[in-house]
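Here is a short briefing on one structure. Keep the sequence and the coordinates at hand while reading.

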Amino acid sequence: MDTDLARTWVQAIAAAVEKHKDHLTQLDSAIGDADHGVNMHRGFSAITAALTDYKADTPGAVLVKTGTTLISSVGGASGPLYGGAFRAIGKALDTPATDPRQFAAALAAGLAGIQKLGAAAPGDKTMIDAYALALAAVRQQADAGADFAAAAVAAADAAEEGMRATTPMQARKGRASYLGARSMGHQDPGATSTALIFRALAEAVVAR
Ligand code: ADP
Ligand code: MG
């Protein structure tokens, strides 16, 4: 992860959010308040604007800016949760990191941020169900001596698996938890946007 890749990653997320905005909102209309696509789109449009004239020397600077912009521009739960995560990832990447192990450490800091704020655990039917599997995949790739690109692709695949696994779960955190057992049978919107975020990274890395 260098400064260019951080920028390309964030741009790729913005493009994916634009493309899948209606789908994210549709998922949130089933078990939430039908604004997840709108929230993510508002946040990543603000980030695209904020990064245009922003001079960053490190990948961390790009990602911290991404996080602070999300926090200030998104009203829903996902804004502070993703914002805190990107800030924590950015703080851990104050120098370029090519080793998947360093990236895993940064992602772990991001997950800790999400859990500190939202107090959700795996299995609660949230973004964490996709994120935690992506992090585990990066760790596994690092242990196997894989390069950054392989780790990014494994993370994207794992996040999508985690996203699909939320469908049968009963929500225990966030608005969807108000539905109790009626939240079962629907894919979680936040886990779906997390899968987009990790797929965007894999595509940004492979496109280099
Ligand atoms: P809101 O729920 O405020 O309308 P969004 O619709 O933008 O915010 O985001 C909803 C998503 O946020 C959920 O699908 C879930 O993945 C995630 N989420 C909600 N609460 C939590 C939490 N406490 N911890 C982790 N993720 C959460
Ligand atoms: Mg919502």
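In this predicted model, the buried residues of helix H3 are Pro 59, Gly 60, Ala 61, Val 62, Leu 63, Thr 66, Gly 67, Thr 69, Leu 70 and Ser 73. They pack against helix H1 (3-31), helix H2 (36-52) and helix H4 (78-92).

**Helix H3**

- Helix H3 covers residues 59-73.
- An α-helix has 3.6 residues a turn, so residues three or four places apart point the same way.

- Thr 3 lies in helix H1.
- Thr 3 has a relative accessible area of 15%. The limit for buried is under 20%, so Thr 3 counts as buried.
- Beyond its neighbours within four places in sequence, Thr 3 is in contact with Ala 56, Asp 57, Thr 58, Pro 59 and Val 62. Pro 59 and Val 62 are among the buried residues of H3.
- A polar side-chain atom of Thr 3 lies 3.3 Å from the backbone oxygen of Asp 57.

**Magnesium site**

- The magnesium ion (ligand 2) is coordinated by OD atoms of Asp 28, Asp 33 and Asp 35. The distances are 2.0 to 2.2 Å.
- How are these donor residues spaced in sequence? The pattern is D-x4-D-x1-D.
- Asp 33 has 33% relative accessibility and counts as partly exposed. Asp 35, with a relative accessible area of 22%, is partly exposed as well.
- Ala 34 lies in the loop between H1 and H2. Its phi is positive, near 60°, and Ala 34 is not a glycine.
- Most residues other than glycine have a negative phi.
- Ala 34 has a relative accessible area of 32%, so it is partly exposed.

**Ligand 1**

- Ligand 1 is surrounded by 20 residues. The closest are Asp 33, Asn 39, Ala 77, Ser 78 and Asp 188.
- The side chain of Asp 33 has an N or O atom 2.9 Å from an oxygen atom of ligand 1.
- His 36 places a polar side-chain atom 2.9 Å from an oxygen atom of ligand 1.
- Gly 190 contributes a backbone N or O atom, 2.9 Å from an oxygen atom of ligand 1.
- How much of ligand 1 does the protein bury? Taken alone, ligand 1 exposes 560 Å², and the protein buries 92% of that.

**Helix H8 and its cap**

- Asp 188 caps the N-terminal end of H8. A side-chain oxygen of Asp 188 lies 3.2 Å from the backbone nitrogen of Gly 190.
- Asp 188 is also one of the residues closest to ligand 1.
- Helix H8 runs over residues 189-206. Its 18 residues should span 26 Å at 1.5 Å a residue, and its end C-alpha atoms are 26 Å apart, which agrees.
- H8 is mostly covered, with 15 of its 18 residues buried.

- Pro 168 lies in the loop between helix H7 (148-165) and H8.
- At 57% relative accessibility, Pro 168 counts as exposed. The limit for exposed is over 50%.
- Pro 168 and Met 184 are 16 residues apart in sequence, yet 5.1 Å apart in space from C-alpha to C-alpha.
- Leaving out residues up to four places away in sequence, Pro 168 touches Met 184 and Gly 185.
- Arg 208 sits in the segment after H8. Its relative accessibility is 58%, so Arg 208 counts as exposed.
- Not counting residues up to four places away in sequence, Arg 208 touches Asp 2, Asp 4 and Leu 5.
- The side chains of Arg 208 and Asp 2 make a polar contact at 2.9 Å.

**Lys 125**

- Lys 125 lies in the loop between helix H5 (100-118) and helix H6 (127-143).
- Lys 125 has a positive phi of about 65°, although it is not a glycine.
- Is Lys 125 buried or exposed? At 1% relative accessibility, Lys 125 counts as buried.

Note on methods. Residues are numbered from 1 along each chain as its sequence is written. Chains are lettered from A and ligands numbered from 1 in the order in which they are written. This is a predicted model: local features need pLDDT of at least 70, side-chain atom pairs count only at pLDDT 80 or more; totals for chains, interfaces and linings use all residues. Side-chain values use heavy atoms; hydrogens and water are left out. Donors are N, O and S atoms within 2.8 Å of the metal (3.2 Å for Na, K and Ca); water is not among the atoms, so sites may look incomplete. Buried means under 20% relative accessible area, exposed over 50%, partly exposed in between (1.4 Å probe, protein chains only). Helices (H or I, at least four residues) and strands (E, at least two) are DSSP runs, numbered from the N terminus. The expected span of a helix is 1.5 Å times one less than its number of residues. Contact means heavy atoms within 4.5 Å. A residue is near a molecule or strand if one of its heavy atoms lies within 4 Å of it. A polar contact is a pair of N or O atoms within 3.5 Å; within protein, one must be able to donate a hydrogen and the other to accept it, and residues adjacent in sequence count only if both atoms are side-chain atoms. Accessible areas come from the Shrake-Rupley method with a 1.4 Å probe; for residues, only the protein chains shown count as cover.
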